[in-house]
Amino acid sequence: MSSDTLAKAPAAPDTPEHADSLRIVPQRRLGQWAAALAVLTLLGLALTSVLRNEAFRWGVVADYFTSDAVLRGLWLTLWLTAVVMVLGFALGTLLAAARISTNPVLRSVSWGYVWLFRSIPILVQLLLWFNIGALYPQILGVRTVDLLGPVTVAVIGLTLHEAAYAAEIVRGGILSVDRGQIEAAQALGLSRWRRWRRIVLPQAMRSIVPPAGNLLIGTLKGTSIVSVIAVQDLLYSVQLVYHRTYQVIPLLMVATVWYTVVTSVLGVGQYYVEKHYARGSGSAR
């Protein structure tokens with residue numbers, strides 16, 4: 001074959017010049033776009049229905065949204081959530097430590113506590129504590145009815161219930177830490193406190209924070225159940241109003257919007273806490 005024939009031969013398909021001339025055609029996902037359009041259409045119809053439905057009485061919702069009674073109920077809900085979370089995780093951490101200890105008595109007691117309080121519905125627990133005077137009329141010489149008011153009963157019942165779930169969250173986070181790292185820290189001569197503070201806790205928090213955040217949001221919404229024992233939280237406050245005005249739907253929407261706002265704020269906070277503890281793990285978002 002002559003040199004002229006070689007010079008006129010077309011370029012090989014895998015040359016850079018040929019590759020640059022190729023046009024990449026994106027895959028058409030018509031089914032996904034059709035599904036997305038259908039979902040957006042349904043959402044638009046639902047939103048239009050809610051906004052244009054006169055039964056919601058959005059003007060009444062706006063009037064009561066920042067009323068004194070509603071804000072007092074909201075404050076009690078937030079306070080109750082904070083107190084229950086702090087006390088619940090404090091007790092839950094002790095239970096988790098007992099559960100992973102080498103002492104069989106502590107392990108058995110911790111397991112029994114978690115089993116018992118996760119088995120009994122929270123409403124039943126609150127009603128039992130509210131009627132504790134039927135079992136123990138006096139405690140330390142003080143009448144039970146004077147010692148345990150509705151708010152105190154709510155704190156006790158919710159805390160004991162919360163601790164059972166917090167114990168499992170903390171235990172799972174501790175067990176997620178690689179045992180080899182703890183043994184390496186022991187070999188380096190680190191004290192027990194420094195091992196927990198510098199090795200175990202930062203890594204355990206990556207597994208603890210997501211379920212703990214979900215538990216916090218669940219506790220906030222779960223506090224609405226204390227309305228059955230006449231604790232004037234957010235739900236009970238709007239109930240008092242609509243029992244007087246008979247505007248049930250608008251007042252329930254007031255509570256709904258407030259719960260949505262607060263849980264959204266907590267969700268944002270959870271995201272940044274997770275991002276903080278995920279630094280250096282390759283999973284930060």
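This short talk walks through a pocket, some annotated segments, a threonine and a few aromatic pairs.

Keep in mind that this is a predicted model.

Let's start with the largest pocket. It holds about 870 Å³ of space. Its lining is made of 31 residues. Nearest the centre lie Val 170, Ile 174, Trp 196, Val 200 and Ala 204.

Which helix gives the most to that lining? α11 does, with 14 residues. On the sequence, α11 is 192–222. Helices that each supply at least two lining residues include α5 (68–99), α9 (150–175), α10 (179–187) and α13 (248–277).

Next, the annotation. The UniProt record, an unreviewed entry, marks "transmembrane region" at 33–53, 73–98, 110–130, 215–236 and 248–273. Two of these are worth a look in the model.

Take 248–273. Here the chain is 100% helix and 0% strand.

Now take 215–236. Here the chain is 50% helix, again with 0% strand. Its end C-alpha atoms are 22 Å apart.

That brings me to Thr 223. Where is it? Thr 223 is in the loop between α11 and α12, and α12 is 234–245. Is Thr 223 buried or exposed? It is buried, because its relative accessible area is 0%, and the cut-off for buried is under 20%. Leaving aside residues up to four places away in sequence, Thr 223 touches Thr 77, Leu 80, Thr 81, Leu 158 and Asp 233.

Last topic: aromatic pairs. How many are there? The count comes to five. I'll show two.

One is Trp 111 with Trp 115, a stacked pair. Their ring centres are 6.2 Å apart, with 5 degrees between the planes. Both tryptophans belong to helix α6, residues 104–119. They are four residues apart, about one turn of the helix. Trp 111 is partly exposed, at 46% relative accessible area.

The other is Tyr 271 with Tyr 272, an edge-to-face pair. Centre to centre they are 5.1 Å apart, and the planes make 75 degrees. How do the two tyrosines fall on the accessibility scale? Tyr 271 has a relative accessible area of 31%, so it counts as partly exposed. Tyr 272 comes out at 51%. The cut-off for exposed is over 50%, so Tyr 272 counts as exposed.

That's the tour. Questions, please.

Key
Residues are numbered from 1 along each chain as its sequence is written. This is a predicted model: local features need pLDDT of at least 70, side-chain atom pairs count only at pLDDT 80 or more; totals for chains, interfaces and linings use all residues. Side-chain values use heavy atoms; hydrogens and water are left out. On a 1 Å grid over the protein atoms alone, a cavity is a set of points where a 1.4 Å probe fits but cannot get out, and a pocket is an open set with protein on both sides within 12 Å along at least five of seven lines; lining residues have an atom within 4 Å of a point. Grid points are joined across faces, edges and corners, and a volume is the space filled by probe spheres set on the points. UniProt positions are given in the numbering used here, feature names are shortened, and annotations may be inferred rather than shown by experiment. Buried means under 20% relative accessible area, exposed over 50%, partly exposed in between (1.4 Å probe, protein chains only). Contact means heavy atoms within 4.5 Å. Rings of Phe, Tyr and Trp (its six-membered ring) pair if their centres lie within 6.5 Å; planes under 30 degrees apart count as stacked, over 60 as edge-to-face and the rest as tilted.
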